[in-house]
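Work through the exercises below with the model open. Try each task before reading its solution.

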Amino acid sequence: MKKYAVIVVDMLNDFVTGPIASPRVHHIIEPIKELCDHARSQGMPVVYANDSHTPEVDKEFRVWGPHAVEGTYGAEVIEELKPKEGDVIIPKKTYSAFFQTPLDLILREMDVDTVVVTGWQADCCCRHTSADAFFRGFDIVFPRETTDTDTEEGYVGALKYVEKIYGAKVCSVKDLY
Ligand code: ZN
């Protein structure tokens with residue numbers, strides 16, 4: 001039987017109400033909350049992968065400008081999705097939740113073989129997290145309602161890309177209940 005973990009990518013104040021917020025992020029909050037509550041009730045791990053940037057050295061700021069600086073309010077998970085006891089918190093320095101973090105080891109220790117990738121942005125951090133999950137042999141589920149990005153084109157393209165290139169199961173979040 002497959003063992004799933006839900007990964008919540010970058011649902012942080014700076015991405016929702018801060019300097020690089022998008023109006024397209026708000027509608028994914030409630031579906032992510034419902035999915036996380038469901039996961040916890042089933043004993044399924046919930047993992048938060050959170051940007052936690054070091055401004056002096058972070059190359060990513062050249063692309064996005066300053067955001068999610070470690071230790072600031074902007075780098076905290078939004079109030080609506082605050083982690084609960086037992087959830088796993090993974091600070092990350094760049095797009096992928098796996099890149100130079102202990103996520104791979106933690107998932108393997110929990111016998112997880114399938115990651116449900118949710119959060120912001122579908123075509124950047126969610127996509128790069130999916131790439132690294134694929135490289136490491138995890139199956140990927142990519143529900144449509146629990147991710148988005150700043151343009152419709154980017155969103156539709158991301159869903160197609162992860163399905164075609166990483167074999168992700170793109171589905172309705174309701175299929176997981
Ligand atoms: Zn970042």
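The exercises go from the whole chain to single residues.

This is a predicted model, in which local features need pLDDT of at least 70, side-chain atom pairs count only at pLDDT 80 or more, and totals for chains, interfaces and linings use all residues. Residues are numbered from 1 along each chain as its sequence is written, and side-chain values use heavy atoms, with hydrogens and water left out.

**Exercise 1. Fold outline**

Task: List the helices and strands in the chain, and give their pattern along the sequence.

Solution. Start with the elements, taken as DSSP runs numbered from the N terminus (helices: H or I, at least four residues; strands: E, at least two). The chain has six helices and seven strands. Next, read along the sequence: the pattern is β-α-α-β-α-β-α-β-α-β-β-α-β. Then check the radius of gyration, taken over C-alpha atoms, against the globule rule, 2.2 Å times the number of residues to the power 0.38. The chain has a radius of gyration of 15 Å, close to the 16 Å from the rule for 177 residues, so it is as compact as a globular protein of that length. Finally, the C-alpha trace spans about 45 × 35 × 30 Å along its principal axes.

**Exercise 2. Burial and contacts**

Task: State what share of the 177 residues is buried.

Solution. Apply the cut-offs: buried is under 20% relative accessible area, exposed over 50%, partly exposed in between (1.4 Å probe, protein chains only). Buried residues make up 53% of the 177. Now turn to contacts, meaning heavy atoms within 4.5 Å. Of the contacts with a separation of 6 or more, 76% join residues 24 or more positions apart.

**Exercise 3. Placing Y177**

Task: Which residues does Y177 contact, leaving aside neighbours within four places in sequence?

Solution. Locate Y177: the segment after β7 (169–171). Check its cover: Y177 is partly exposed, at 44% relative accessible area. Then list the contacts of Y177: P31, E34, L35 and H38.
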